[in-house]
Amino acid sequence: MTAGMAFGNSTPDPSPYADEGPYGTPVAQHKKAGLTRRGKVAIAVAGVAIVGGGTIWFQVHSAAVAKDEKEAAALQIQMKKLELEEMKIRNEQASTDKKAATASADKIQTAVDKCVKDSSGLIGKEYGSPSRSDVVADCKQQYETTDGSGMEAAGNARDASRAGGGGINSSALLGLVAGGGLAIAVFARKGKKADA
């Protein structure tokens, strides 16, 4: 039987020239799985860009963090310096207040001693005259509640009352008590400011 003729149920033999092209039988080419050359280059470029961008971002971020840490450290140092200055000022103020209080206490004690000495002539002279403890209590009451300016006023008032005939007159005592109250109010206010 010749090629191309078929009789009955038999299948014809394929012609050996049926799939041939003008240049002969084509070579079967299998496509490789994966990326093309262009795809590989694109992935390589994208990878380099991501790695380079990540590196640059990390360096910028690290520099920003380092700068922030330096600024925070400088701010803490500045705050410590300010705290030290504030402590120095408070210590100087406390020292000045302590010296003023000591000087005021010395002046008051001197004035009380002088008052007791000056008033000792009135002790036990007549019936109803004050006792020594009464004179000491009166002198303490006069001078312990006054500051330096009140002490001058008290000294002037005592001199004026002595010139009038001995003893302390009531208007001078009232002035001393009012001056003492004012002095206590001023010292209390200064104390509150120093504590704050």
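User: What is the mean pLDDT of the protein chain?
Analyst: This is a predicted model, and the mean pLDDT of the chain is 75. Of its residues, 63% reach 70 or more.

User: Where is confidence lowest, and where is it highest?
Analyst: The lowest is helix 3, residues 148-164, with a mean of 49. The highest is helix 1, residues 37-119, at 90. Where pLDDT is low, the predicted coordinates should not be read in detail.

User: OK, the overall build. How many helices and strands?
Analyst: The protein chain has 4 helices and 0 strands, giving the pattern α-α-α-α along the sequence.

User: At what angle do helix 1 and helix 2 pack?
Analyst: About 145°, and their axes are 9 Å apart. Helix 2 covers residues 132-143. The crossing of helix 1 and helix 2 is right-handed.

User: Which residues meet there?
Analyst: From helix 1, they are Ile108, Ala111, Val112, Cys115, Val116 and Ser119. From helix 2, they are Arg132, Val135, Val136, Cys139, Lys140, Gln142 and Tyr143. The contact of helix 1 with helix 2 has 9 nonpolar, 2 polar and 2 charged residues.

User: And which residues make up the largest nonpolar core?
Analyst: That core has 8 residues: Ile108, Ala111, Val112, Cys115, Val116, Val135, Cys139 and Tyr143. Helix 1 and helix 2 are the elements that give two or more residues to this core, and helix 1 gives the most, with 5.

User: Switching topic, what share of the protein chain is buried?
Analyst: Buried residues are 12% of the 196 in the protein chain.

Terms used:
Residues are numbered from 1 along each chain as its sequence is written. This is a predicted model: local features need pLDDT of at least 70, side-chain atom pairs count only at pLDDT 80 or more; totals for chains, interfaces and linings use all residues. Side-chain values use heavy atoms; hydrogens and water are left out. pLDDT is the predictor's confidence in each residue, from 0 to 100. Axes are lines fitted to C-alpha atoms, for helices over the stretch in contact, and angles run from 0 to 180 degrees between N-to-C directions. A crossing is left-handed if the near helix is turned anticlockwise from the far one by less than a right angle, and right-handed if clockwise. Contact means heavy atoms within 4.5 Å. Ala, Val, Leu, Ile, Met, Phe, Trp, Tyr, Cys and Pro count as nonpolar, Asp, Glu, Lys and Arg as charged, and the others, Gly among them, as polar. A nonpolar core is a set of buried Ala, Val, Leu, Ile, Met, Phe, Trp, Tyr and Cys residues joined through side-chain atoms within 4.5 Å. Buried means under 20% relative accessible area, exposed over 50%, partly exposed in between (1.4 Å probe, protein chains only).
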